[in-house]
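Please read this note with the model open beside it. The points go from the chains to their parts and then to the core.

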Amino acid sequence: MPRPADGSPENPGAHTLFDVQEMELNFGPQHPSTHGVLRLVLKVDGEKILEAKPDVGYLHRGTEKLFETETYPMGIPHTDRMDYVAAATNNHAFCLTIEKLLGVEIPRRAQLIRVILDELQRLSSHLVWLGTSGIDLGAVTPFWYAFREREQILDFFEEYCGARLTLNCMRIGGLPFDLTPGWIERLSEFLDDLPARIDDYEQLLTDNRIWKKRTVGVGVISAEECIEWGLTGPVLRGSGREWDLRRAQPYECYDELDFIVPTRPGGDTYDRYIVRVQEMRQSVRILKQCVAKLGPGEIRGKVPRVIKPPAEEVYASIEAPKGELGFYCVSNGTNRPYRMHCRPPSFINLQALPRLAKGHLISDLVALIGTIDIVLGEVDR
Amino acid sequence: MTEEKPKEAPKKLEAHDASSHPWVESLRAALPDTVLSAKEFAGQVTVTVAREAMARVARHLKDAEDFKYCVDVTAVDWKDRQPRFDVVYHFYSFSKNGRLRVKCGAADGEDVPSIASVYLAANWPERETWDMFGIRFSGHPDLRRILTWEGFHGHPLRKDFPLEGVDTGAAIYPEEWPEGGGPSLDDPNRKAVS
């Protein structure tokens, strides 16, 4: 027999039977499910969240101040430390902004390798998300599968640029290195293999009853509300809006690549999960096309040795794994940026967490932190 | 090998006046005397508006011009200029697939009307701008520091804030830094970023 609704005559609920106290609870900053140092001040009634107030800034390193003190190319390694599970896309957005300011054209081979690095990074970022947010909800098995494949992707990065996480793998006007011999062949083998692995993750989760119980209907948000809150990336697409900067305002050579922007109408945690998994499949598709198109050529455009952009301002953004990642650069004609501001998707997406969490249980909050996919390095900068 | 292409110098981008741009025209028609200047650089339109009108400008852009998505709010410190700060807003319109940058000047200590009631997305970016630059947003629902902590002195992204930080009284290594977390005011190594 289903349990009568709380507050109905058959089930008056705790409120009418006992004295209930609202309680304030500190969630984090040291909590494994916050994926870093995020503190949430919760106002709870039993297990129910009445109000959640995020408190961020524990990882603030003054990156924007550092950009101002160093030359343009010296800023690139700092971007690695923002979204530290997706360094390539950070490098890309940073370089793209300065290239826009300079008006430099990127050689075709460099564009294709950049797209390859971006999509590998998207895959690895989504794999980290899949593994960790699964663990948060008690699904430990997918973690081992996801991190196995991520390890292979990190090996590709290591072979390309020597680093696994803080890649520093792009330069203003192109790339630092060409691909090593055999890299593309090994990548093709990996890509042939990957769709079957993604099937494995889906087999573990997509129709899993427990997974669905924990995610379906949790944190529902409409597309209009997403836009109002500035939510972008898989969160917006999970609410049914087909908007992806790779399609809407294509950069590099995304306009000639054939891929689908996956969307789901529901706007809940489950739909965001499906969107991300579909995105991984599309990334494989994009990577295969890039591998086929890749020909010999230059990897660096015509960029002056000392980069002194005109005294202007520019904003450029890309579709990072977590949403719109943009940089706003103000130049005063010297070799250092006068002001370099980052528009981090995690920071903006996190501000909608109180809206998503309201009325849910504390255990759902864990699912919600996972589903908006934040990286605290990027939130706090 | 690939054929040699004749080497061309990259064409220099130049800013030009954008007063006749339809979005600027619409803004000027709806709110006379608010648009101070408009320019276009690298295909991006920047409108400078009067500070007092900022909330009305945002409302007009959202309702009449369909700029439904407030991408970002930030500021630039020009230190010796009057007014000292530029508060910079980025808006995006899904129907136009276009971006618009709106700027307004603010002197040190002057309030800027908050647009957090127009765009919920502007809430945290405005808090960040307050925290980093010390620009107050009047009418903001919850204007607290966000990246630094309550009780922090100064605003780190101002150009006269020293790169090494300031003495906050929170010494981590008391032997090395007896006075706190950074060099003291008369330390010759203390320098501000210009």
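The numbered points below describe a predicted model.

1. Basis. Residues are numbered from 1 along each chain as its sequence is written, while chains are lettered from A and ligands numbered from 1 in the order in which they are written. As the model is predicted, local features need pLDDT of at least 70 and side-chain atom pairs count only at pLDDT 80 or more, whereas totals for chains, interfaces and linings use all residues.

2. Domains of chain A. Chain A is divided into domain 1 (19-55) and domain 2 (63-380), with bounds from an automatic or database domain assignment. The centres of the two domains, taken over C-alpha atoms, are separated by 29 Å. Where they touch, 14 residues of domain 1 of chain A are in contact with 17 residues of domain 2 of chain A (contact: C-beta atoms, placed from the backbone, within 7 Å). On the domain 1 side, strand S3 (residues 48-55) of chain A gives the largest share, six residues. Helices (H or I, at least four residues) and strands (E, at least two) are DSSP runs, numbered from the N terminus. By class, that side of domain 1 of chain A has six nonpolar, four polar and four charged residues; Ala, Val, Leu, Ile, Met, Phe, Trp, Tyr, Cys and Pro count as nonpolar, Asp, Glu, Lys and Arg as charged, and the others, Gly among them, as polar.

3. Sheet S1-S2-S3 of chain A. These three strands form an open antiparallel sheet in that order (two strands pair if DSSP finds at least two bridges between them). Strand S1 (23-27) and S3 of chain A are the edge strands, each pairing on one side only. Neighbouring strands are turned by 25° against each other on average, direction ignored; axes are lines fitted to C-alpha atoms, for helices over the stretch in contact, and angles run from 0 to 180 degrees between N-to-C directions. Seven bridges link strand S2 (residues 39-45) of chain A to S3(A), and Lys43(A) has Glu51(A) in S3(A) as its bridge partner.

4. Sheet S4-S5-S6 of chain A. This is another open sheet of three strands with antiparallel pairing. Strand S4 (313-320) and strand S6 (337-343) of chain A each have a single partner strand, so one side of each lacks a neighbour in the sheet. Strand S5 (residues 323-331) of chain A is joined to S6(A) by six bridges; in S6(A), Pro337(A) is the bridge partner of Ser331(A). Helix H4 (residues 87-102) of chain A packs on this sheet, touching S4 and S5 of chain A, and its direction makes about 150° with that of S4(A).

5. Chain B and its contact with chain A. Chain B has three helices and eight strands, running β-α-β-β-α-β-β-β-β-α-β from the N terminus. The contact takes 34 residues from chain B and 36 residues from chain A. S4(B) gives the most to the chain B side, with six residues. That side has 21 nonpolar, seven polar and six charged residues.

6. Core. The largest nonpolar core has 147 residues, and those with the most contacts inside it are Leu368(A) and Phe91(B). Such a core is a set of buried Ala, Val, Leu, Ile, Met, Phe, Trp, Tyr and Cys residues joined through C-beta atoms within 7 Å; a residue is buried if 20 or more other C-beta atoms lie within 10 Å of its own. Helix H5 (residues 108-136) of chain A gives the most to this core, with twelve residues. Leaving aside neighbours within four places in sequence, the contacts of Phe91(B) include Leu61(B), Phe67(B), Tyr69(B) and Arg99(B).

Notes. Two residues are in contact if their C-beta atoms, placed from the backbone, lie within 7 Å. A residue is buried if 20 or more other C-beta atoms lie within 10 Å of its own, exposed if 12 or fewer, and partly exposed in between; C-beta atoms are placed from the backbone.
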